[in-house]
Amino acid sequence: MNPNLNALNEKFAGFWAARNPRERNLLAAALVVIVLGLVYALLIDPALGGRKDMEKKLPALREQAAEVQSLSKEAGALASKAAAPAPAITRESIESSLNSRGLKPQNVALTGDLAKVQLNGASFSSLIDWLAEIQKSARLSVVDANVEAQAKADTVNAALTLRQQRSESAQ
């Protein structure tokens, strides 16, 4: 054994032997009370406090879990529904949506699900806004774009080829 531990053990044995039986009993009782107090303070009290906190939080957590479950079911139901088919594109619908944005097309040609649009001297910001709108409303996406900046700020010449996206069930 360690010599320091032996010396400490001998000192404690001498200290303990020097005490009368009543003092030994009082010291033993005090040691038991201290050990029990430490066990309670370090182990039992935090566990009981955590349990009380969890009991307070459990109803809210159950409510959140039920809400997540209902949202999950709703998302599943929405995903199973087929998206409404986009209206078929026509020359008139493209020209009217362009005119609503202040854009004057030089030429609009339709071939199946492709639309070719030619714009000269058009506002670039209006063109971008129109593309965002037409993508949402008619599900048209840009297949090919040739955009040339002009000397005047925010003015471009553009040749666009657009394709209408079909619904998932139609493909």
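Predicted model: local features only at pLDDT ≥ 70, side-chain atom pairs only at ≥ 80, totals over all residues.

Modeller: Residues are numbered from 1 along each chain as its sequence is written, and side-chain values use heavy atoms, with hydrogens and water left out.

Colleague: What is the order of the four strands in the open sheet?

Modeller: Strands (E, at least two residues) and helices (H or I, at least four) are DSSP runs numbered from the N terminus, and two strands pair if DSSP finds at least two bridges between them. Strand 1 (105-111) and strand 3 (140-149) each pair on one side only, as edge strands. The pairing is antiparallel, and the order is 1-2-4-3.

Colleague: Which residue of strand 4 stands opposite Ala145?

Modeller: Strand 3 and strand 4 (residues 155-164) run antiparallel and are joined by nine bridges. The residue opposite Ala145 is Leu160.

Colleague: Which residue in strand 2 is the bridge partner of Ala109?

Modeller: Six bridges pair strand 1 with strand 2 in the antiparallel sense. Their hairpin has two residues between the strands, and Gly112 there takes a positive phi near 65°. The bridge partner of Ala109 is Lys116.

Colleague: Is helix 3 parallel or oblique to helix 4?

Modeller: Axes are lines fitted to C-alpha atoms, for helices over the stretch in contact, with angles from 0 to 180 degrees between N-to-C directions. The axes of helix 3 and helix 4 come within 10 Å and cross at roughly 135°. Angles under 35 degrees count as roughly parallel, over 145 as roughly antiparallel, 65 to 115 as roughly perpendicular and the rest as oblique. Helix 3 is therefore, relative to helix 4, oblique.

Colleague: Why does Ser97 count as buried?

Modeller: Ser97 lies in helix 3, and a polar atom of the Ser97 side chain is 2.9 Å from the backbone oxygen of Ile94. Buried means under 20% relative accessible area, exposed over 50%, and partly exposed in between (1.4 Å probe, protein chains only). Ser97 counts as buried because its relative accessibility is 9%.

Key:
Polar contact = N/O pair within 3.5 Å; in protein donor to acceptor, adjacent residues only side chain to side chain.
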